[in-house]
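Please look over the sequence and the structure before reading on.

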Amino acid sequence: MTSPEFLAASNRLTIDLSALADNWRTMNELSGKARAAAVLKANAYGVGVTEAAHTLYAAGARDFFVASVEEGAELRPFIPDARIYILAGMWPGNEELFFAYDLVPIVNSEEQLAVFMAALSERGEYPCVLHVDTGMNRLGLSFEEALALASDPARPASFSPVLVMSHLACGDDPMHPMNVYQLERFRAVTAAFEDIPASLANSGGVLLGNDYHFDLTRPGIAVYGGEAVIGAANPMKPVVTAEARVLQVRTVPAGGTASYGASVQFTRDSRIATVAIGYADGYHRSLSGGGVMLRQARPSGAQGFLHGRLVPHVGRVTMDLSLFDVTDLPEQAVRAGDYIELFGRNVAIDDVARAGGTIGYELLTSLGRRYCRNYVGGV
Ligand SMILES: *Cc1c(COP(=O)(O)O)cnc(C)c1O
């Protein structure tokens, strides 16, 4: 149901849970024989962890990844019998949270392995995931450490990972030689831990094909409707539509300027819509109108969608307000109170992100607190 608050909101998000479920099912099908997990870190990529958890569980997901043990504790009540994996892993002082909320730590280093084994000695057998670095150089036991561990006769019997995983550095770039390199290294790791299920692919990795799927895939951004492969058509359904109100429409004669720094000068008589959206809402300053100087950078500028047309941002994005040039729309078309789409159904989030030198992931996870959220659809 659309609430009165939503109908009156200055900034609003429509979150399409049917699209979310469909996108997950698509990634699950594309994963072939492997099963797809759901990645719910950072408040489910900004979408809202409660709703995303219910929806993706109902769609069939039973494996959920989050970044921190705190995120895992928050998620647990929504999906009581699903497996929740904690990407950051365990460290001294947070062991009890894992046991209390039945969370599976990902072991990312020799140090974390020691912390986990020490916790086990007090508690007895407990699942974990072994993360092995195959080229990302971010987290994970090194390739050599992993192989040594596999063949270590002193390896405790109680150490029995439920999954061995690695993460692709270039999954969004199918032709990158790093993909094949990491795949070969990961195959050597899975051969050393032969009875343990394996997981390598993020969204981009799912689209790299069967070789990359192993037993469990971990699609994130594609499920939220973002681009998983750079420079390719995005087959996913948009999940999030962000809109903001036009507060005022004003006319500026040719030669006039607007915004901080008088950063835009108009070459024709212009009509400018002042919109209630700013960088405090996660509409980043780097989305400022094309050619506007921001320190050293000169972004290409975002576009919004209003009354069936793309309209360019002009001047600088400020904390709470942005300007869009609506001169090309019919004279009386734009009125105070209209909503402009910032990204979503009509303006691809990744196009907006590119205009601001960033990625859809960052726009989603930056969505500010001033948005009123409306969840539509479902499984
Ligand atoms: C975030 C994350 C994913 C999901 O990646 P996408 O690119 O959003 O599909 C998968 N695996 C790990 C380890 C991650 O941190």
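## The ligand and its surroundings

A polar side-chain atom of Tyr361 lies 2.6 Å from an oxygen atom of the ligand. The protein covers 92% of the 380 Å² of accessible area that the ligand has on its own (areas by the Shrake-Rupley method with a 1.4 Å probe; for residues, only the protein chains shown count as cover). This is a predicted model, in which local features need pLDDT of at least 70 and side-chain atom pairs count only at pLDDT 80 or more, while totals for chains, interfaces and linings use all residues. Residues are numbered from 1 along each chain as its sequence is written, and side-chain values use heavy atoms, with hydrogens and water left out.

There are 13 residues around the ligand, and Lys41, Tyr45, Ser203, Ile221 and Tyr361 come nearest (a residue is near a molecule or strand if one of its heavy atoms lies within 4 Å of it). Ile221 has a backbone N or O atom 2.8 Å from an oxygen atom of the ligand. For Lys41, an N or O atom of the side chain is 2.6 Å from a ligand oxygen atom.

## Lys41

The UniProt record, an unreviewed entry, places the feature "modified residue: N6-(pyridoxal phosphate)lysine" at Lys41. UniProt positions are given in the numbering used here, feature names are shortened, and annotations may be inferred rather than shown by experiment.

Lys41 is in helix H3, residues 41–45. Helices (H or I, at least four residues) and strands (E, at least two) are DSSP runs, numbered from the N terminus. Lys41 counts as partly exposed because its relative accessibility is 29% (buried means under 20%, exposed over 50%, partly exposed in between, with a 1.4 Å probe and protein chains only). Apart from neighbours within four places in sequence, Lys41 is in contact with Phe65, Val66, Ala67, Glu71 and Leu87 (contact means heavy atoms within 4.5 Å).

Strand E11 (residues 240–252) pairs in the antiparallel sense with strand E1 (residues 11–16) over 5 bridges; two strands pair if DSSP finds at least two bridges between them. Thr14 has Thr241 in E11 as its bridge partner. E11 is also joined to strand E18 (residues 339–343) by 4 antiparallel bridges, with Arg245 opposite Tyr339. With strand E14 (residues 270–275), E11 forms 6 antiparallel bridges, and Val249 stands opposite Ala273 there.

Key:
Polar contact = N/O pair within 3.5 Å; in protein donor to acceptor, adjacent residues only side chain to side chain.
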